[in-house]
Each structure stands twice: as C-alpha cells, then as structure tokens.
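Please review the model shown here. The report covers a sheet, its surroundings and a set of charged contacts.

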Amino acid sequence: MIRLSLLGATGSIGQSVEKLLADVPGRFAVEAVVGGRDAVALAEVARRLKAKFAAIADPAGGRALAEALGGSGIASGAGPSAVLEAAAREADMVVSAIVGVAGLAPTVAAFGKGRRIALANKECLVAAGAFFMGEAERRGVELLPMDSEHNAIFQALSAAPGKAVEKVTLTASGGPFRCKSREEIARATPADALKHPNWSMGAKITIDSATLMNKGLELIEAHYLFAVGPDRLDAVVHPESIIHGLVSFVDGSVVAGLAVPDMCVPIAHCLAYPDRLSTTSRRLDLVELGRLTFEAPDRARFPALKLAHDAMAAGGAATTVLNAANEMAVAAFLDGRVGFYGLTDTVAAVLDLMGDRPAPQSVEEALAIDAEARALAGKLLPKFAAKAS
C-alpha cells in the first residue's frame, strides 16, 4: 500500500486524484490533505479519503475545519505551519497541486530521501527552478511530472538517452481566443476568457491558457525538469489537445505522447509509476477523431508566450519576476481592474524593472523576489486600468 499526501486536495487536480483512488481501493492510504480556504470542502475530502491529517492554509479556517471534522478522528491544523507539517509527514508520495507560488515552500518541505513528488505545480520551477532541482537531487527526491504536457515528454524521453534529444515541443490548445482578432481579444471579459474549449481547470490556469502564458510557464518548467536549453524548446498550437508533447531525436525520429484531454491519464501514470493503473478514462479513437491539426502560435496576438520565453532565456530571477507579476495581473483581470492586454503589459513592465536580479538560491530568496515583484505590479496595474474592457 502506497502512503500518499495530497497538497491541493480541493482543486481540480485533487478531485481527479480522489476519483482515481476510488477506482483502486486498498492500493493507497492517504496520510494528509491540504486545502486553501474552503474548510467544509477540505473536511469532506479528508473524510472520504480517510486521511490522518488535514491542514487548511487560511489561518482563519482552523476552527471551521476542526468542527467539520468532529468525531472523525482526523487531526487538523491551520495556517502556513500546518501546511508545512502536512507536507513533511511520512508518506511515500506527495502530490504537489497547490496553485501558484504558494506551493513552493510546502513542496520543498515534502522533500525526503526516496520520496516521490508528483509535481502538478509548475510555479515551483518557474519561481525557483535551479534551486528546486538542485535541492531535489541533493535530498534524493524522485520528481514525476503530472502536467499532461510534461508527463507526455517524460514518457517520450524513455525512447533514447538525453544526448540524443534534438528538440522538445509542447502543444497548446490555443485557448478560447485562438481564432479571434487582436481587436476582439482586447475586448474580452473574464467570462469570455474562462471558457476553455477542452479542459476544465481553475480560474487562474484557465486565464493563463487564454493568454498562452500557461504554455510559456510550461516551457520554463520543461527547461528545468528535463535540462533542455531554451533554443531546443518550442510550442505548437494543437486545438484537439490529443498530442500533449513531442520529443524530436537527432536521427529524425519523433516520439509523441497522445491521450484524450483528461487529467486522470497523467495523474494515473504518476500514481502507479513505473506500473500502470487501469482507469475508466475515455479511450482515444483516432478513426472517430478523424484528423489532428497544428498551427504556429501567434506571438503578436498572444505576447505572453514571448515574454515567458525571453525570461527563460535571460536566466537569473527573470522567471521568478514573470510569475509573480502574472499572478497579480491575472487576479486584477478576473476582478475587472485591467483588460486582457493590460494583463501582459503589466508583466512586461515589471520585467523591465526587475528582470535582471540573480536567481534565488533558497525558498526564502524566491519568496522575497516574488513579494517585491508583486508589490511593483500592484503599483503599476492602475497604469493599465484604462485598457480594461
């Protein structure tokens, strides 16, 4: 039986993990679950999964969580220290699915010799990639990529040694504005941007998909995960979201990872690795699908992709700054305080002023740079409020 802790238990990844665990009773025992603000939802997950410990990130939610867990025998805690305690508890595998840079400290706290981290939090690598990967190696941690694109690349890379890799390509759906003009996109509302054509995800990642920033963040993630230089990383728009990633080798061969757009597929691969779980996910039928299409991403209509790639190439703390400014700008867009292109304009402005900082060498340094970039973004956001639609 595999002991599992789930960081981000109430989000979309957490829900998919829970669904898979229900399909294989007796295979996993849940040690700890972590949630953000919804104490009742977290308590329900903890009860269903028979967790030993539940932690809520919001300090104010401690009493509500304890009350909701009353009589269950499940211990609980609230606030950052409780989240770190949950992450560090004895487990064979920790699923890192807390959204945003908030997942960095808990994921590092989960590091331990022989432990597996199923990584669904790309910000750990975007905000502190060099430190994160170095610390994982030093601590003897095995990282398993849970994002669909990186999981596809992870599987494809098994075809040959790393020195044989010529290029790594991630696919993007193109989001809800793939066929819209720049003028139409400029008028987009948060409701428009939240209508993803293929995936059901949280609000932040859905907006990132609409701007293509998510694909930029994923390229940065791939850079650190697979030790592939920016010049050998690329993205292609693939509206069907069937091919999730491709690896091109020096002999001209290309290995691609295909699956229906269902997060249960890469999650199942991580949970059972190197074995395979038998899941109830819909199977891919290429005949029924009929065709697969591809387009080059339009960096004029979607400038976030270039911003991310340039930050990756610049090195240092540029990607840390990019991520922090983007999280602030996305929140402002969702609140209607800035328009769609004002979002990326804000990120670009913060990068211009802070993008030359040295790379963080610890969680504390990464969070300090993150806080400074957020403060600067907060000051600059009103400048772009006129672009709100």
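The text below goes through the sheet, one of its glycines, a nonpolar patch and the salt bridges.

This is a predicted model, where local features need pLDDT of at least 70, side-chain atom pairs count only at pLDDT 80 or more, and totals for chains, interfaces and linings use all residues. Residues are numbered from 1 along each chain as its sequence is written, and side-chain values use heavy atoms, with hydrogens and water left out.

**The sheet**

An open sheet is built from four strands. Their order is β9-β8-β10-β11, with mixed pairing. Strands and helices are DSSP runs, numbered from the N terminus: E with at least two residues for strands, H or I with at least four for helices. Two strands count as paired if DSSP finds at least two bridges between them. β9 (233-237) and β11 (254-258) are the edge strands, each pairing on one side only. On average, neighbouring strands of this sheet are turned by 20 degrees against each other, direction ignored. Axes here are lines fitted to C-alpha atoms, for helices over the stretch in contact; angles run from 0 to 180 degrees between N-to-C directions.

Strand β8 (residues 165-172) and strand β10 (residues 243-249) run antiparallel and are joined by five bridges. L170 stands opposite G245 in β10. T169 has L246 in β10 as its bridge partner. Helix α7 (residues 148-156) packs on the sheet and touches β8, β10 and β11. The direction of α7 makes about 35 degrees with that of β10. Contact means heavy atoms within 4.5 Å.

How much of β10 is covered? Seven of its seven residues are buried. Buried means under 20% relative accessible area, exposed means over 50%, and partly exposed lies in between (1.4 Å probe, protein chains only).

β10 and β11 also run antiparallel, again with five bridges. In this pair, L246 stands opposite A256 in β11. The two strands form a hairpin with four residues between them. G252 in the turn has a positive phi of about 95 degrees.

**G257 in β11**

G257 sits in strand β11. Its relative accessibility is 15%, so G257 counts as buried. Leaving out residues up to four places away in sequence, G257 touches A152, I242, I243, H244 and G245. A68 is 189 residues from G257 along the chain, and their C-alpha atoms are separated by 42 Å.

**A nonpolar surface patch**

L258, L284, L286 and L289 form a nonpolar patch on the surface. Together they have about 310 Å² of accessible area. Areas come from the Shrake-Rupley method with a 1.4 Å probe; for residues, only the protein chains shown count as cover. Patch residues have over 30% relative accessible area and no salt bridge; nonpolar side chains (Val, Leu, Ile, Met, Phe, Trp, Tyr) are joined within 5 Å, like charges within 9 Å. L284 lies in the loop between α12 (264-272) and α13 (286-289). With a relative accessible area of 33%, L284 is partly exposed.

**Salt bridges**

Side chains of opposite charge can pair when their charged atoms come close. The structure holds 21 salt bridges. A salt bridge needs a side-chain nitrogen of Lys or Arg within 4 Å of a carboxyl oxygen of Asp or Glu. Three of these pairs are listed here.

| Pair | N to O distance |
|---|---|
| R89 and E85 | 3.7 Å |
| D310 and K306 | 2.6 Å |
| E372 and R357 | 2.8 Å |

R89 is partly exposed at 23% relative accessible area. E85, at 39%, is also partly exposed. Salt bridges with shared partners join E31, K52, E85 and R89 into one network.

Why are D310 and K306 separated by about one helical turn? Because they are four residues apart in helix α14 (residues 304-314). D310 is partly exposed at 38% relative accessibility. K306 is partly exposed at 44%.

The salt bridge of E372 with R357 has its closest N and O atoms 2.8 Å apart. This pair links distant parts of the chain, 15 residues apart. E372 is in helix α17 (residues 363-380), and R357 is in the loop between α16 (340-354) and α17. E372 is partly exposed at 36% relative accessibility. R357 is partly exposed, with 28% relative accessible area.
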